[in-house]
Protein chains: 2
Amino acid sequence: MITSNTSFLALIGNPVSHSLSPIMQNAAIKYLGLDLIYIAIPCKNEDLEIVVNSLKKMNCKGLNITIPFKKKVFDLCSEISPVAKKIQAINTLKLKNDNNWSGTNTDIEGFIYPLKNLNLTNKNSIILGSGGAARSVIQGLIDLKLSKITIISRNNNSLNELITLFKNDIKIEGILNTNDEIGNLIEETDLIVNTTPIGMSQTSDNDAIPFGQSSWETIDSNTIVYDLIYNPSPTPFLKFCDRKGCMTIDGTQMLIAQGAKSLSFWTNGLEVPFEVMHDALKKYL
Amino acid sequence: MITSNTSFLALIGNPVSHSLSPIMQNAAIKYLGLDLIYIAIPCKNEDLEIVVNSLKKMNCKGLNITIPFKKKVFDLCSEISPVAKKIQAINTLKLKNDNNWSGTNTDIEGFIYPLKNLNLTNKNSIILGSGGAARSVIQGLIDLKLSKITIISRNNNSLNELITLFKNDIKIEGILNTNDEIGNLIEETDLIVNTTPIGMSQTSDNDAIPFGQSSWETIDSNTIVYDLIYNPSPTPFLKFCDRKGCMTIDGTQMLIAQGAKSLSFWTNGLEVPFEVMHDALKKYL
C-alpha cells in the first residue's frame with residue numbers, strides 16, 4: 001500500500017516504456033516489505049540535469065539509469081565507483097547523506113550471474129557488437145578470468161575505443177564483421193556473447209541473426225552462446241544455436257541480477273529475492 | 001500493477017507524512033482502472049520551484065499542493081482558475097498540452113460537499129480562525145448563499161485581510177476571541193465552522209476545544225457544527241457539541257470530496273467514486 005510515508009525509486013531513460021524493471025523491482029520491494037515503490041520516468045535529453053538534480057530534493061532514494069544516459073549522468077554524481085569509471089557507464093545512483101548522488105554500475109555483476117557456476121578460466125570468447133553494452137561484458141569476462149576476447153563489429157571507431165580501454169587487462173582483438181576469419185574464430189571459441197540489438201522484437205526483421213545465419217554454420221556444440229536480449233526470449237540466434245546443440249543463455253537472468261544488485265545497493269546490502277523477481281517477470285510476459 | 005507505462009500524481013507539501021491522500025487517491029485510481037499512482041512528496045521551501053518545474057518534465061500528470069505552498073505555487077502556474085485567484089490559494093495543478101501547469105482549487109467544493117443537501121440560504125454562520133483554510137470556507141458559504149459570516153480569531157491582521165477580501169461578496173464581520181459578544185453570537189448562529197487546528201491529534205492538549213469549553217455552554221441544539229479536522233474524528237469540539245444535541249460534521253467528507261474533485265480535474269471530468277475513497281480511509285484508520 002502506498003501511504004504518505006512511501007518513498008520511491010525510479011528508472012530514468014529515453015525510452016523507458018519497454019522496461020520490465022518496474023515489474024520485477026516492485027515485486028521484490030513488496031516481498032521485502034519495504035515502504036518504497038519503483039516507477040519509470042521517461043526523460044528528454046535536455047531535461048536530464050533538472051530531473052536528476054530535482055529528484056534529490058524529493059523522497060527519491062535511488063535511480064536506475066538506462067540508455068541513452070549511462071555516460072551523461074557522470075556529471076551529476078559527486079561520487080562514482082571504480083567499476084563505473086572503468087567502463088564509463090553508470091546504471092545505478094544512490095542518494096548519500098550529503099544529499100548528492102553516488103553512482104555505480106551493476107550491469108557487470110548482472111552479466112556474470114548466469115556464468116558464475118561455469119569454469120571459464122583461460123577460455124576464449126567472442127563478443128558481437130562494440131556499443132555500450134559490450135563494456136560491461138568485457139569487464140565481466142575479465143573478472144571471470146577468460147584468456148582472450150575477440151570483438152566482431154561493423155564499427156571500426158568503437159572497436160578501437162574498446163581495445164584501447166581494455167588492452168592492459170586482457171588479450172583483446174577487434175575484427176570487422178566482413179573479415180573472412182570469422183568462421184574459424186567461431187569454431188575455436190568457447191563462449192559467444194551477443195551485445196547487438198539484432199534479434200530484439202522491435203528490430204525490423206524478427207528472424208534476424210547477427211551477421212546472418214550462414215556465419216554460424218560452423219559453430220561447435222560445446223560453445224556457450226549468451227544473448228543479452230530478453231525480449232523475445234529466446235531470440236532467433238539462441239534458437240539456431242540451441243538446434244546446433246549449444247548451451248544457450250538469454251538476457252533475462254542478467255536483467256534480474258543487475259536489478260537485484262541495484263536494489264541491494266539502495267538498501268545497503270539487503271538480500272534481494274532473485275526468484276521473486278523472476279516469477280513476477282514470467283507472470284507478466 | 002506499476003509498469004513502465006504507469007504515470008504518477010503527487011502531493012507536494014511540508015510536511016506530508018500525515019496526509020491520507022495517497023490512501024484514498026490510489027483506491028479511486030485502482031477502482032477506475034487508471035495506469036496511475038499517487039505519491040506524497042515532502043518538499044523544502046527553497047526546493048519548491050525546482051521540484052514543481054522538474055515534475056513537468058517527468059510523467060507526472062498532476063499535483064496536489066498543501067501547506068505551506070498553496071499561495072507560493074501561484075508563480076509556477078501559467079494559468080490559474082478564477083476561484084483559486086479569488087481565495088489566493090491553489091491546491092491542484094494539472095499539466096496542460098503546452099507542458100505548463102494550470103492551477104485551481106477544489107477545497108471549496110470539498111467544503112460544500114457535506115452541506116449541499118442542507119438549506120442554508122440566508123442563514124448566519126460563525127467561522128473560527130482566520131488562516132488559509134478560512135478562505136475556502138468563506139467562499140463556500142457565499143456559494144451556499146448564507147446571509148452573514150462572523151469570523152472569530154486571535155489574529156487581528158488576518159481577520160482584517162479576510163474582511164477586505166470578501167466584504168463585497170457577503171455581510172462579513174470579524175471579532176477577536178476575547179470579545180464578550182461571543183456568547184450571544186453562538187446562541188444566534190445557525191452554523192459554526194472550525195478552521196483552527198485546535199483539536200488536531202498533534203496539538204499538545206488533546207481535549208482542546210477552540211476558545212475553551214465554557215465559550216460553548218450557550219450553543220443551541222439546532223446549530224450545525226462543522227470541524228474541518230478529520231484526525232481525530234470526531235474532535236473534542238464535535239463530541240461536546242454532539243452531547244449538546246447539535247448536528248455535527250467532521251472534515252472527512254471535505255477531505256474526500258476535494259480529493260475526488262482533484263482526480264476528476266486530472267482526468268478531464270471522470271466520475272470519481274466517493275464511497276470507494278471513503279472505504280479506503282475507514283479501512284486504513
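Where in chain A does A:N268 lie? A:N268 is placed in the loop between α9 (252-266) and α10 (274-284) of chain A. Helices (H or I, at least four residues) and strands (E, at least two) are DSSP runs, numbered from the N terminus. The model is predicted: local features need pLDDT of at least 70, side-chain atom pairs count only at pLDDT 80 or more, and totals for chains, interfaces and linings use all residues. Residues are numbered from 1 along each chain as its sequence is written, chains are lettered from A and ligands numbered from 1 in the order in which they are written, and side-chain values use heavy atoms, with hydrogens and water left out.

A:N268 is not a glycine, yet its phi is positive, at about 50°. At 64% relative accessibility, A:N268 counts as exposed. Here exposed means over 50% relative accessible area, buried under 20%, and partly exposed in between (1.4 Å probe, protein chains only). A:N99 also has a positive phi, of about 65°, although A:N99 is not a glycine. A:N99 sits in the loop between β5 (92-95) and β6 (101-104) of chain A. Its relative accessible area is 32%, so A:N99 is partly exposed. In chain B, helix α9 is followed by B:N268, whose phi is positive, near 50°.

Helix α9 of chain B covers residues 252-266. Its 15 residues should span 21 Å at 1.5 Å a residue, and the end C-alpha atoms are 21 Å apart, which agrees. The expected span is 1.5 Å times one less than the number of residues. Twelve of the 15 residues of α9(B) are buried, so the helix is mostly covered. Among the buried residues are B:M254, B:L255, B:I256, B:L263 and B:W266. B:Q258, B:S262 and B:S264 also belong to the buried set.

Two cis peptide bonds are described next. One joins A:N14 and A:P15, with omega about 5°. A:P15 lies in the loop between β1 (7-13) and α1 (21-32) of chain A. Another joins B:I67 and B:P68, with omega about 5°. B:P68 lies in the loop between β3 (60-65) and β4 (79-80) of chain B.

A search of the whole structure finds eight aromatic pairs over all chains. A:W216 and A:F237 form a tilted pair, 4.9 Å centre to centre with 55° between the planes. Rings of Phe, Tyr and Trp (its six-membered ring) pair if their centres lie within 6.5 Å; planes under 30 degrees apart count as stacked, over 60 as edge-to-face and the rest as tilted. This pair links distant parts of the chain, with A:W216 in the loop between β10 (191-194) and β11 (224-227) and A:F237 in helix α8 (residues 236-243), 21 residues apart. A:W216 is buried, with a relative accessible area of 0%. A:F237 is buried as well, at 0%.

In chain B, the rings of B:Y113 and B:F274 are stacked, because their centres are 4.5 Å apart and their planes at 15°. B:Y113 lies in the loop between α4 (107-112) and β7 (124-128), and B:F274 in helix α10 (residues 274-284), so the pair ties together parts that are 161 residues apart in sequence. B:Y113 is partly exposed, at 25% relative accessible area. B:F274 counts as buried, at 12%.

B:Y113 also has a charge over its ring. B:K116 lies over the face of B:Y113, at 3.8 Å from the ring centre. In chain A, A:K71 lies over the face of A:F74, at 5.1 Å from the ring centre. The criterion is NZ of Lys or CZ of Arg within 6 Å of the ring centre and within 35 degrees of the ring normal.

Annotated positions complete the account. For "binding site", UniProt lists A:S19, A:L20, A:S21, A:T66, A:N91, A:D107 and A:Y230. UniProt positions are given in the numbering used here, feature names are shortened, and annotations may be inferred rather than shown by experiment. A:D107 lies in helix α4 (residues 107-112) of chain A. A:D107 is buried, with a relative accessible area of 7%. Leaving aside neighbours within four places in sequence, A:D107 is in contact (heavy atoms within 4.5 Å) with A:K70, A:N91, A:S136, A:M254 and A:Q258. A:Y230 lies in the loop between β11 and α8 of chain A. A:Y230 is partly exposed, at 21% relative accessible area. With neighbours within four places in sequence left aside, contacts of A:Y230 are A:H18, A:L20, A:G251, A:T252 and A:L255.
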